Number of protein chains: 2
Amino acid sequence: IELKDETAAVNMLQELYPADIAELFQELDLEEAIYLYMLMDGEKAADVLMELDEEDRRKLLKELPSELIAKRFIDFMETDDAVDLMRELDEDTQEEILSHIEDVEQAGDIVDLLKYDEDTAGGLMGTEMIVVNENWSMPKCLEEMRSQAEEMDEIYYVYVVDDDERLRGVLPLKKMITSPSVSKIKHVMKKDPIAVKDSDSIEEVAQTIEKYDLVALPVIDSIGRLVGRITIDDVMDEVREQHERDYQLASGISQDVETSDNVILQTAARLPWLLIGMIGGLGNSVLLGGFESSFAANPKMALFIPLIGGTGGNVGIQSSAIVVQGLANNSLKQGNVWKQIVKESAVSLINASIISLVVFIYNFFMLNNRAITASVSLSLFAVVMFASIFGTLVPMTLDRFKIDPALATGPFISITNDIIGMMIYMFITAALS
Amino acid sequence: IELKDETAAVNMLQELYPADIAELFQELDLEEAIYLYMLMDGEKAADVLMELDEEDRRKLLKELPSELIAKRFIDFMETDDAVDLMRELDEDTQEEILSHIEDVEQAGDIVDLLKYDEDTAGGLMGTEMIVVNENWSMPKCLEEMRSQAEEMDEIYYVYVVDDDERLRGVLPLKKMITSPSVSKIKHVMKKDPIAVKDSDSIEEVAQTIEKYDLVALPVIDSIGRLVGRITIDDVMDEVREQHERDYQLASGISQDVETSDNVILQTAARLPWLLIGMIGGLGNSVLLGGFESSFAANPKMALFIPLIGGTGGNVGIQSSAIVVQGLANNSLKQGNVWKQIVKESAVSLINASIISLVVFIYNFFMLNNRAITASVSLSLFAVVMFASIFGTLVPMTLDRFKIDPALATGPFISITNDIIGMMIYMFITAALS
């Protein structure tokens with residue numbers, strides 16, 4: 001496609017959307033990519049840059065001088081994207097780039113935003129928004145909007161503040177069309193708008209924006225002054241990442257990996273849980289080794305090890321997944337630990353009874369060994385009850401101590417239940433014989 | 001709070017957001033809720049209704065006559081919400097309600113929308129949008145928008161069509177403010193807008209809206225005519241549900257359950273996988289039973305059953321999770337089956353070598369039984385290799401046959417690997433002795 005035909009390339013790039021260009025770039029080598037970058041106008045180049053993978057972006061930025069980064073990219077970015085980009089660079093580069101930004105106001109905003117913790121509303125917000133005073137008339141407001149709107153990609157809401165910069169209301173764009181000549185904005189604005197504090201966590205932001213079906217959310221400081229806005233596309237990215245993290249933790253993958261990552265990265269993400277599982281398995285062999293003479297006397301005992309270990313693991317994963325999901329979507333409150341455990345116990349009582357009864361009937365007719373028939377069913381019952389309560393309690397406890405409850409899902413729960421399941425099985429068998 | 005003080009209640013309801021009222025309602029009994037419903041104006045009542053849980057909504061609607069549902073709720077709803085609501089009712093009630101809708105155009109739209117498959121863009125879209133002709137001038141356009149905007153909650157984009165109703169462009173609201181007097185809309189609109197077909201799947205819609213960072217998406221039919229629009233809040237709900245479904249499948253929960261669901265519902269969602277696991281465990285006991293004499297002769301064999309079964313399960317879950325996630329976010333393409341298997345094999349070769357080597361060294365010094373030391377490590381190596389390739393192949397095969405690949409995660413993979421792991425272990429041990 002690329003025979004140095006510059007005008008054709010420029011035309012092609014102009015017609016494509018940034019996300020599509022970013023996809024195209026992943027197939028090019030670095031030099032070609034830089035060449036094409038130089039052909040794009042500033043805003044498009046900036047958009048494409050933000051659509052790239054983090055890794056590709058880092059590679060590209062390393063090749064470019066700070067002045068070029070400031071002039072070709074940062075100048076054309078919204079402040080929230082600029083801050084995201086800066087966070088990926090080291091401090092020296094950050095300062096160098098800041099010194100090259102021509103728009104002093106933008107540089108100041110970026111410096112202010114960099115101070116916020118990355119996991120708070122302040123760290124996610126941008127400062128591009130249309131702000132009007134509650135006492136202005138609609139014509140004055142429209143005029144002001146015209147001058148502010150030039151710098152912005154999209155406008156969804158207009159925020160209304162009082163003379164002290166405190167957020168008083170939101171003006172849906174619809175109102176500008178339906179009531180074009182109102183004398184004071186405050187008569188048509190929506191009062192008491194939904195807003196988040198700059199110190200609120202990203203999860204709270206996501207829950208708020210979803211609960212009220214908004215596409216953007218104003219951010220206020222501790223005394224109610226409007227300091228920024230968060231748009232839904234940034235929130236969606238965060239929500240997706242959170243989901244992927246939970247899913248990966250439940251599957252025993254300790255870092256964010258993609259199918260496109262190389263072999264070393266994938267191994268590094270997967271080996272830790274496998275090693276922990278291995279230690280658990282070796283621990284289990286030591287435990288079972290203490291009963292070696294029982295196995296010699298009664299080899300049938302060994303046949304049910306997979307059944308008991310596997311059932312414990314399955315029950316534990318179910319229980320912990322339900323708790324993690326309940327905590328994530330806020331349907332389960334910290335205070336309800338006991339209620340949840342009682343309910344979980346009721347569910348498990350039914351499941352445990354059915355499973356151990358079926359296994360009892362099967363073994364009664366097929367196994368011809370009363371002692372093991374009894375101990376297997378009793379152990380199954382005990383393991384299911386234990387695994388479900390343990391699987392409920394551990395994530396709720398982690399959550400209480402502000403640790404991500406998703407850590408207590410997947411391999412953690414199945415390895416722990418495997419060991420405790422074997423203990424229960426061995427002790428019940430020993431007690432019955 | 002509720003001492004039949006009507007005016008106070010009305011005031012309170014007017015100040016609260018629908019989502020908050022819905023939360024309040026979950027704590028009231030049915031009669032109180034109906035009483036409060038009658039106090040709210042139509043639009044708010046409709047919004048609150050859509051914020052309720054599906055179950056609560058069904059209970060409430062059962063108590064109300066169809067005419068009231070049509071007049072108090074459907075009339076005030078956007079068509080996409082109305083269609084969602086109608087889908088929850090049986091056909092007789094649907095027809096009865098449709099006959100009571102006063103706005104014939106709205107009723108017609110609802111009938112049309114009900115024809116689409118629920119899982120397509122057509123099933124998700126609504127028809128409320130502002131549509132203008134490409135040849136209109138901006139003043140004419142604004143005037144038209146004023147009359148159309150009355151019926152709508154929010155406006156994000158204005159869609160531009162030609163004389164044949166075909167979608168030609170999108171007009172960002174910003175343009176209305178920055179270029180108020182342009183003679184033909186087509187000169188300022190954004191051409192070739194991103195759109196989806198009405199037959200596209202919801203996943204495609206979600207990927208499109210996320211990729212291009214949009215807040216609403218126009219829907220076209222097979223010949224390019226604009227038939228509706230999808231807003232990001234509906235897409236977000238769908239994405240969340242998809243994530244929750246994947247997570248639950250990976251955790252062995254077969255239906256959508258919440259911590260707030262009753263004991264019977266939770267048991268029904270969880271028992272199926274536990275029973276399948278139980279059958280797998282019993283199958284394993286039959287398999288191991290064939291080697292009973294080996295256990296009698298060499299009871300140490302039993303000690304490593306949990307290690308080998310557990311490791312196979314852990315590896316399989318990791319592999320299948322990576323594939324499921326790759327397919328979900330489109331980073332893994334169907335055509336790349338072999339490439340993915342080769343890569344997966346490379347990762348597993350490293351993991352398998354490390355784990356079996358560590359176990360070999362441990363057993364060499366601790367176990368004092370050469371035959372078992374060798375067979376455990378060999379088996380571990382074989383099980384890890386098998387589990388990773390199997391965990392990659394099964395979800396990719398399901399996906400090829402248009403079955404949800406997430407079915408092949410969680411308990412399915414761990415139960416299968418448990419059985420095959422035991423087979424490998426037994427046959428290698430038998431072969432070595």
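Which residue stands opposite B:Val161 in strand 3 of chain B? In this predicted model, the residue opposite B:Val161 is B:Leu167.

The two strands involved are strand 2 and strand 3 of chain B, which run antiparallel and are joined by five bridges. In general, strands of a sheet pair through backbone hydrogen bonds, in either a parallel or an antiparallel manner. In chain B, four strands form an open sheet with the order 1-2-3-4 and mixed pairing. Its edges are strand 1 and strand 4 of chain B, each of which pairs on one side only.

| Strand of chain B | Residues |
|---|---|
| Strand 1 | 130–133 |
| Strand 2 | 157–161 |
| Strand 3 | 167–172 |
| Strand 4 | 190–191 |

Helix 11 of chain B, residues 138–149, lies across strand 1, strand 2 and strand 3 of chain B. Relative to strand 1 of chain B, helix 11 runs at about 155 degrees.

Elsewhere in chain B, helix 18 covers residues 337–366 and includes B:Glu344. B:Glu344 counts as buried because its relative accessibility is 2%, where buried means under 20%. Apart from neighbours within four places in sequence, B:Glu344 is in contact with residues of both chains: A:Gln266 and A:Arg270 from chain A, and B:Ser319, B:Ser388 and B:Thr392 from chain B.

For chain A, the domain assignment gives domain 1 (6–124), domain 2 (130–232) and domain 3 (251–432). The C-alpha centres of domain 1 and domain 3 of chain A are 48 Å apart.

Methods:
Residues numbered from 1 in each chain as written. Chains lettered and ligands numbered in written order. Predicted model: local features only at pLDDT ≥ 70, side-chain atom pairs only at ≥ 80, totals over all residues. Heavy atoms only, no water. Buried < 20%, exposed > 50% of the residue type's maximum accessible area, 1.4 Å probe, protein only. Contact = heavy atoms within 4.5 Å. Pairing = 2+ DSSP bridges. Axes fitted to C-alpha atoms, helices over the stretch in contact; angles between N-to-C directions. Domains from an automatic or database assignment.
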